2 protein chains.
Amino acid sequence: MNSSRCAACKHLRRRCPSDCIFSPYFPSNNPQRFAFVHKIYGASNVGKILQDLPVNLRSKAADTLCYEASRRIEDPVYGVVRELTNLDEEIQKAHCQLARIRAQIAVIQARDEVDNVNNPNFFPPQND
Amino acid sequence: MNSSRCAACKHLRRRCPSDCIFSPYFPSNNPQRFAFVHKIYGASNVGKILQDLPVNLRSKAADTLCYEASRRIEDPVYGVVRELTNLDEEIQKAHCQLARIRAQIAVIQARDEVDNVNNPNFFPPQND
């Protein structure tokens with residue numbers, strides 16, 4: 001029956017076998033998911049990657065392949081590496097901010113110590 | 001001549017044409033670079049991605065494809081997405097550290113203000 005074919009078998013215009021390697025990870029209601037990985041990796045490479053993995057890891061692999069493929073389609077030059085670069089820059093910025101703030105703390109603490117030396121609390125405030 | 005074939009044409013055991021799409025980006029002295037992208041994407045998909053790009057962007061695309069392919073070979077389940085997840089966690093940690101340190105600064109500054117109110121500098125220290 002045509003309607004029971006997975007998205008991959010529909011895309012490849014073939015019968016969907018009962019042990020189809022794609023079927024559990026590329027449901028017929030999400031044709032774009034397979035279209036992405038097919039365009040970037042090709043059906044045979046995706047099938048090989050999934051086949052070589054234990055069954056319990058295939059779903060995650062299909063998800064990450066689909067994610068990378070969609071990014072490569074959006075950005076054929078950098079793909080998902082663009083995100084890596086952006087995140088890396090964000091981390092550098094956060095670390096710079098941390099270093100600046102730690103330096104700020106050191107200054108405040110040093111000033112605090114100088115104040116304590118200059119104004120030791122000899123005359124604690126009295127209650128009214 | 002065999003020695004003038006690029007890594008892709010050597011890998012594919014074919015003649016390397018003068019306008020080979022792979023040749024500028026897959027030199028014969030680095031056969032692994034092509035082996036990686038061939039295993040994950042297939043030669044035809046890599047060729048298509050490069051062909052569809054302006055010449056000045058192809059080298060960067062070949063680099064990022066090679067990077068993603070090498071990560072997928074190392075980690076067939078997550079590929080380069082593992083790094084994205086790790087970087088994302090690192091950013092969350094850095095932001096938490098920043099928030100904690102900012103809170104620390106606020107406490108120090110508040111204490112500083114209380115100290116200034118309680119110990120106004122009425123008796124500035126005298127020089128000896």
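Okay, let's start at A:Val80, which sits in the loop between H4 and helix H5 (81-118) of chain A; helices here are DSSP runs of H or I, at least four residues, numbered from the N terminus. Keep in mind that this is a predicted model, where local features need pLDDT of at least 70, side-chain atom pairs need 80 or more, and totals for chains, interfaces and linings use all residues. Residues are numbered from 1 along each chain as its sequence is written, chains are lettered from A in the order in which they are written, and side-chain values use heavy atoms, with hydrogens and water left out.

So, is A:Val80 buried or exposed? Buried, with a relative accessible area of 0%; buried means under 20%, with a 1.4 Å probe and protein chains only. What does A:Val80 touch, beyond neighbours within four places in sequence? In its own chain, A:Tyr67, A:Glu68 and A:Arg71, and across in chain B, B:Glu68, B:Val80 and B:Leu84. Contact means heavy atoms within 4.5 Å.

Zooming out, chain A has five helices and zero strands, and 38% of its 128 residues count as buried.

Now the cores. A nonpolar core is a set of buried Ala, Val, Leu, Ile, Met, Phe, Trp, Tyr and Cys residues joined through side-chain atoms within 4.5 Å. The largest one has 50 residues, and A:Phe22, A:Phe26, B:Phe22 and B:Phe26 have the most contacts inside it. There's also a second, separate core of ten residues, including A:Ile101 and B:Leu98.

Technical notes:
Helix = DSSP H or I, 4+ residues; strand = E, 2+ residues; numbered from the N terminus.
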